[in-house]
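The following account examines how two chains meet and then turns to a single residue. Please consult the sequence and the model alongside the text.

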There are 2 protein chains.
Amino acid sequence: MKAQDYPQPVLELISRLKRMPGIGTRGAERFALWFLQQGRNDARALSAALQDAADSVGTCPECGFFSLKGERCTACEDPTRDASLFCVVEQPTDVLPIERCGSFRGLYHCLGGKISPLDGIMPEDLSVEHLLERVQAHPGCEVILAVGSDVEGEATALYLADRLSAVNCKITRIAQGIPAGAGLGHADAITLLRALEGRKQL
Amino acid sequence: MKAQDYPQPVLELISRLKRMPGIGTRGAERFALWFLQQGRNDARALSAALQDAADSVGTCPECGFFSLKGERCTACEDPTRDASLFCVVEQPTDVLPIERCGSFRGLYHCLGGKISPLDGIMPEDLSVEHLLERVQAHPGCEVILAVGSDVEGEATALYLADRLSAVNCKITRIAQGIPAGAGLGHADAITLLRALEGRKQL
């Protein structure tokens, strides 16, 4: 007797869903059965959305954020944005968190990563030369280095500050300190040290 | 100034992923960005798997489990299975948990739900007549009622037992009691009551 199992297309669907981050066999099986029991419209709609996203989403040639293939992103297309203010981030996924805080009115630049020799990522793997070109085209602009505060992020910020020092621009780094709404008890020593160093007069 | 947002195909993908059970906006965004940053092969493969599953997976005309469209499921096709032993479950998704416990060698019958007048599900909405036909074709067979032990499950089991009593078959119900590996401290009163009632001599 052969043990009953799902038909092959269901097994294939489960194995594909299982590749998504944080989804295990149980979760993938749950999703697959949900798609099959839902009528088939949700499965077809997600299938089409995946195909469309894979085909039509590209990278903005200016800043590296997501855009429609061959087009610039909405921020780079927006003439009301402050073109003399650049916010440099590691990944395109870092753009929307900043955008959502609502106070930044300039342009972005996605490096595509951070300097990390242990992972084989060197400065020439990042979008640095293009950043220098963009900054040079706006003399006197401000470049905010909004890369992470881990070791690789700091190394990347130092490297960029060094490269940008040859260009006529103001270089700034986002503040480090305690997160909003957090007590001091949960902050680690380095965070507290930097919060103290970065103190402001009220 | 318009706030930067993802291109339309990414927003569509996020909204489609968000429809999956237990996935919120954050999770859907994480999946969508993962698909976009992964190269596009995972997105295309999942898209194809969804399409294929939606198109080619149907329901076994005998038992109601998943099968390739127009075909019977592997259990109903398997001549080595015991055709005089039926296991009646609510949903096709209940089949594999039983199959995986490894001791059942008979055939399945998926009702397609349980009697629940409050949800508008009446006996005629379930695959009851077809069950009676299958059972009648195997005089003297055993029908295991493996529906749930909630109120609707019990009502469904009682209804089926009544209908099946007119047919030459042995009707059984899966045991209720404390789950394997659980202490008595976590069992509710009704579970303990049924575990006591169902006690067996050792």
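**The interface of chains A and B**

Across the interface of chain B and chain A, 23 residue pairs are in polar contact, both residues at pLDDT 80 or more; a polar contact is a pair of N or O atoms within 3.5 Å, where within protein one must be able to donate a hydrogen and the other to accept it, and residues adjacent in sequence count only if both atoms are side-chain atoms. H3(B) gives the most to the side of chain B that touches chain A, with 14 residues; helices (H or I, at least four residues) and strands (E, at least two) are DSSP runs, numbered from the N terminus.

This is a predicted model, in which local features need pLDDT of at least 70 and side-chain atom pairs count only at pLDDT 80 or more, while totals for chains, interfaces and linings use all residues. Residues are numbered from 1 along each chain as its sequence is written, chains are lettered from A and ligands numbered from 1 in the order in which they are written, and side-chain values use heavy atoms, with hydrogens and water left out.

The rule also finds seven salt bridges across this interface, a salt bridge being a side-chain nitrogen of Lys or Arg within 4 Å of a carboxyl oxygen of Asp or Glu. Asp55(A) forms a salt bridge with Arg44(B), with the closest N and O atoms 2.8 Å apart.

Arg81(B) lies in the loop between helix H4 (74–77) and strand E3 (82–89) of chain B. The side chains of Arg81(B) and Glu99(B) are joined by a polar contact of 2.2 Å.
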